[in-house]
Amino acid sequence: MSDPLLFALSAAAELGARVAAERGIWLAEHEEREFPDGEHKARPLEEVRGRDVYVLQSLYGGGERRTDEKLIRVLFFIGALRDAEAARVTVVTPYLCYARKERRTKPYDPVTTRYVAQLFEAVGTDRLVVLDVHDLAALQNAFRRPTVHLEARHILAPRLASLLAGEPVTVLSPDAGGYKRAERFRRLLEGRIGSPVGMGFMEKHRSGDQVRSGLLVGEFARRTVLIVDDLVAGGGTLASAAHACRAAGAERVYAAVTHGLFAPGAVETLGSAPIDRLLVTDSVPLGEAASGWPALEVVPIAPLVAEAIRRLHTGRSLIELGETYDA
């Protein structure tokens with residue numbers, strides 16, 4: 001079996017180089033060309049006919065290009081690969097855009113997650129690999145092609161186990177919707193530490209951009225609390241949860257977040273909150289604002305993504321990497 005071809009578009013070039021190094025392969029060459037009127041094209045510069053092809057592109061906002069442009073670029077590139085007769089095209093998008101708009105909350109709301117799924121299907125995507133999507137059930141229902149859901153707990157929990165061993169710990173979901181994700185994290189962390197880990201959750205109420213915390217459930221006094229969430233954008237949810245835990249008697253507050261989007265003002269919001277350490281992956285480039293924050297620790301996802309590609313290419317199971325069937 002030949003090695004897979006791995007392409008990394010410009011928005012994921014640095015991550016692609018790290019994944020290729022972990023996988024022990026070269027990044028396949030491609031061209032991305034800009035035209036004076038703002039249009040663009042992307043094409044492979046290697047023969048893809050009959051090959052197993054992987055395309056890495058994280059669809060985050062920020063950087064040189066907007067989310068929508070990153071999305072349209074990867075869609076056009078997938079189309080070019082299909083036209084060049086690639087045998088199979090797998091898109092690896094650690095952060096999937098528009099995944100938080102998976103249902104209608106107001107009259108005439110768009111269900112944008114489903115629209116994004118239809119776009120990927122229309123250009124011939126065979127399979128989509130994502131990391132800690134906001135709503136797993138919505139992802140699986142929206143896509144009619146196979147999806148692979150990786151979970152960052154498999155790289156975050158080992159690091160936290162070394163920090164929390166021997167301490168009384170409670171894992172907290174900062175909202176009811178993330179309870180199942182936090183519970184999976186708790187089970188893995190408990191196995192790593194070798195002692196019981198408590199579980200709790202906090203009610204969250206959002207009105208526009210304002211976040212207000214409600215009922216706090218769990219045991220927190222004289223314990224280290226670990227807040228687990230899929231992403232941090234404005235920082236209000238994490239900050240509110242951290243303050244609530246301290247008020248409930250927590251001695252220390254840690255947080256483990258997969259996607260560090262860090263919108264403007266987020267670092268200031270979190271920096272004033274009683275968070276002793278925040279672990280976040282590099283699924284999204286953190287930027288200058290977050291890079292100088294002492295409480296922040298970045299955990300690389302390249303080993304996880306490289307192993308997922310290896311297993312997919314050789315037909316092995318991904319259950320150990322977090323592909324979740326028990327939601």
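Helices H5 and H6 are oblique to each other, a class for angles that are not under 35 degrees (roughly parallel), over 145 (roughly antiparallel) or 65 to 115 (roughly perpendicular). The model is predicted; local features need pLDDT of at least 70, side-chain atom pairs count only at pLDDT 80 or more, and totals for chains, interfaces and linings use all residues. Residues are numbered from 1 along each chain as its sequence is written, and side-chain values use heavy atoms, with hydrogens and water left out.

**Two helix pairs**

Two packed helices are described by the angle between their axes and the distance between the axes. Axes are lines fitted to C-alpha atoms, for helices over the stretch in contact, and angles run from 0 to 180 degrees between N-to-C directions. Helices (H or I, at least four residues) and strands (E, at least two) are DSSP runs, numbered from the N terminus.

| Pair | Residues | Angle | Axes |
|---|---|---|---|
| H5 and H6 | 153–164 and 179–193 | roughly 45° | within 9 Å |
| H1 and H10 | 13–23 and 302–314 | about 60° | 8 Å apart |

On the H5 side, the residues in contact (heavy atoms within 4.5 Å) are Arg153, His154, Leu156, Ala157, Pro158, Leu160, Ala161 and Leu164; they meet Arg184, Phe185, Leu188, Leu189, Arg192 and Ile193 in H6. This contact holds 10 nonpolar residues, one polar and three charged. Here Ala, Val, Leu, Ile, Met, Phe, Trp, Tyr, Cys and Pro count as nonpolar, Asp, Glu, Lys and Arg as charged, and the others, Gly among them, as polar.

H1 and H10 are also oblique to each other, and H1 passes H10 in a right-handed crossing. From H1, Arg18, Val19, Glu22 and Arg23 meet a set of H10 residues that includes Ala302, Pro303 and Val305. The residues of this contact divide into six nonpolar, one polar and four charged.

**Single residues**

Arg23 lies in H1 and is buried at 17% relative accessibility. Buried means under 20% relative accessible area, exposed over 50%, and partly exposed in between (1.4 Å probe, protein chains only). Beyond its neighbours within four places in sequence, Arg23 touches Pro4, Ala306, Ile309, Arg310 and His313. Arg23 and Arg310 are 287 residues apart along the chain, yet their C-alpha atoms are separated by 7.3 Å.

Thr112 belongs to helix H3 (residues 112–122) and is buried, with a relative accessible area of 15%. Tyr98 and Lys101 are its contacts when neighbours within four places in sequence are left aside.

Most residues other than glycine have a negative phi. Asp132, which is not a glycine, has a positive phi of about 45°. Asp132 sits in the loop between strand E6 (127–131) and helix H4 (136–142), and is buried at 6% relative accessibility. Arg222 also has a positive phi, near 55°. The loop that holds Arg222 runs between strand E10 (210–217) and strand E11 (224–232). Arg222 is exposed, with a relative accessible area of 64%.

**The whole chain**

The protein chain has 10 helices and 14 strands. Of its 327 residues, 53% count as buried. The C-alpha atoms fill a box of roughly 60 × 45 × 35 Å, taken along the principal axes. Among contacts between residues at least 6 apart in sequence, 66% join residues at least 24 apart.

Notes. A crossing is left-handed if the near helix is turned anticlockwise from the far one by less than a right angle, and right-handed if clockwise.
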